[in-house]
Amino acid sequence: MILRDPVHGLVAFESEEDSIVPRLLGAREMQRLRRIRQLGLTSLAYPGAEHTRFSHAIGAAHVMKLLLVRLRQIDRELPFWQRVTSERARDAIAAALLHDVGHGPLSHLFEAAMPGAVEHETWTARILLDPACELHQILAEDDPSLPRRVADLVAGKHELPYLARAVSGTFDVDRCDYLLRDAHATGVRYGDYDLPWLLRSLRFSEPSGPPGHHAPSLAIDGQKGIVAIESFLLARYFMFQQVYFHKATRAAEWMIGAILRRALALVVDGTRLPVLPPAIAAVAAGDVPTLEQYLDLDDQVLLGAIHAWEDAKDPTLSDLCRRLRARSLFKTIELSPEAQGEDEGSTSHAFGALDEEARTKALAAARAIAAEQGLDPDLYVGLDVATDTPYAEDDSLHVVFPKGRPRPPSEVSFLLDRLRNETLTRCRLIFAPELRDAMREAFVR
């Protein structure tokens, strides 16, 4: 199989080690990812962001192939039982391809919006380990124990820690692909970094413990690769600032959450909705959706239900659904020590945000404004707190020099020392557009 990819160019799966990829791509659970956008509702802010989890999965598998080529160039210094065998390569490529197969509609949005939702990582494991799933059957055809090994790799567990971290770690094939892919689709070039040079800079660090008993972790050549890893980690930081935490995206996602909360409340009270996907009906009944019900959900199903709910008898649900479909998005005001009072045009990049007490007071004041103007404060006003740690330092990646001990990247880079373990927080009030003047008067100084 040879594919053309807008990010990586030609992507080929032609060897015996990756011969399983074309078969996995044909499984219904993988085809479902064609109907799930990688960035959820981000296309409302960046029109090009229409790419899917399917294309990202192929990209991640391709990056894993590139990584395996590099590992085989440098693993000759390791004992043979710690090297990349054909079986381990196949397992790693399959894990890279399947790491996101459990995602719900609109990417991360669904699990964040549904009360008590099961995380997508859990759904991924269920899909891989359920004998009724086509993916499980394809994996098991090659090796009955392969589904479990792939599920473990996706969870970051393997006898070779450096291989586990390549699937789930600070520097993994998931991040390697999505940063480049999301930057390409959105036109935000801050997400670009030098992947070929970064891979070429990879080394192994010295293993801890008795020689030959502990597999080493991945490392970066300190003389060649420090700028490349800085660029990679800064790209992630910039993409969260510019794309993942964008005010329009966060407002749209909050509106989806309000719509689902309203729909669930109506169903619990006995109201019949024009359309009700079985998975949402299960949640309304207090149950966890079955795997079949969950797999029937995708962007089209959820957005189709929201379209149908425009004709719901409940005026609030109908109104929220109509606003979303017409892109009449809620407005925002940023709340932070440095940007306190700035409205939705804010470009503050502060690490901090108002403390919990200040947030609570701000939300209470905003809710009071909504109530005074006859709008349900539970559904027309909200507080959105988006957080991420762009560089959480762990032991999965070191920097090595010809002499001296392996060192964490933050010890040899003043940029990464500043970024290390810092939490990026964007705290915003979200509210219906008709409340904008009152909100600005109350919060913008």
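The legends below go with a set of close-up views of one predicted model.

**About the model.** Residues are counted from 1 along each chain as its sequence is written, and side-chain values rest on heavy atoms, with hydrogens and water left out. In this predicted model, local features need pLDDT of at least 70 and side-chain atom pairs count only at pLDDT 80 or more, while totals for chains, interfaces and linings use all residues.

View 1. On a 1 Å grid over the protein atoms alone, a pocket is an open set of points with protein on both sides within 12 Å along at least five of seven lines, and lining residues have an atom within 4 Å of a point. The largest pocket has a volume of about 1300 Å³, a volume being the space filled by probe spheres set on the points, which are joined across faces, edges and corners. Helix 5, helix 6, helix 10, helix 12, helix 13 and strand 6 each supply at least two lining residues, and helix 13 gives the largest share, with 6 residues. The lining divides into 14 nonpolar, 13 polar and 14 charged residues. Here Ala, Val, Leu, Ile, Met, Phe, Trp, Tyr, Cys and Pro count as nonpolar, Asp, Glu, Lys and Arg as charged, and the others, Gly among them, as polar.

**View 2. One cavity.** A cavity is a set of grid points where a 1.4 Å probe fits but cannot get out. How many cavities of 30 Å³ or more does a search of the whole structure find? The search finds 1, and the volume of the largest cavity is about 40 Å³. Its lining is made by Thr170, Tyr391, Glu393, Asp394, Leu397 and Pro409, which divide into 3 nonpolar, 1 polar and 2 charged.

**View 3. A salt bridge between lysine 65 and aspartate 18.** Side chains of opposite charge can pair when their charged atoms come close. A salt bridge is counted when a side-chain nitrogen of Lys or Arg is within 4 Å of a carboxyl oxygen of Asp or Glu. In this pair, the closest N and O atoms are 2.8 Å apart. Lysine 65 sits in helix 3 and aspartate 18 in the loop between strand 2 and helix 1, so the pair ties together parts that are 47 residues apart in sequence. Buried means under 20% relative accessible area, exposed over 50%, and partly exposed in between (1.4 Å probe, protein chains only). Lysine 65 is partly exposed at 22%, whereas aspartate 18 is buried at 0%.

View 4. Glutamate 356 and arginine 359 form a salt bridge, with their closest N and O atoms 3.9 Å apart. Both lie in helix 18, 3 residues apart, about one turn of the helix. An α-helix has 3.6 residues a turn, so residues three or four places apart point the same way.

**View 5. A stacked pair of rings.** Rings of Phe, Tyr and Trp (its six-membered ring) pair if their centres lie within 6.5 Å; planes under 30 degrees apart count as stacked, over 60 as edge-to-face and the rest as tilted. The structure holds 12 aromatic pairs. In one of them, the rings of tryptophan 123 and tyrosine 294 have centres 4.0 Å apart and planes at 5°, so they are stacked. The pair links distant parts of the chain, with tryptophan 123 in helix 6 and tyrosine 294 in helix 15, 171 residues apart. Both residues are buried.

**View 6. Two residues with a positive phi.** Most residues other than glycine have a negative phi. Arginine 327 has a positive phi of about 55° although it is not a glycine, and it lies in the loop between helix 17 and strand 5. Asparagine 421, also not a glycine, has a positive phi of about 60° and lies in the loop between helix 21 and strand 8. Arginine 327 is partly exposed at 40% relative accessibility, as is asparagine 421 at 42%.

Technical notes:
Helices (H or I, at least four residues) and strands (E, at least two) are DSSP runs, numbered from the N terminus.
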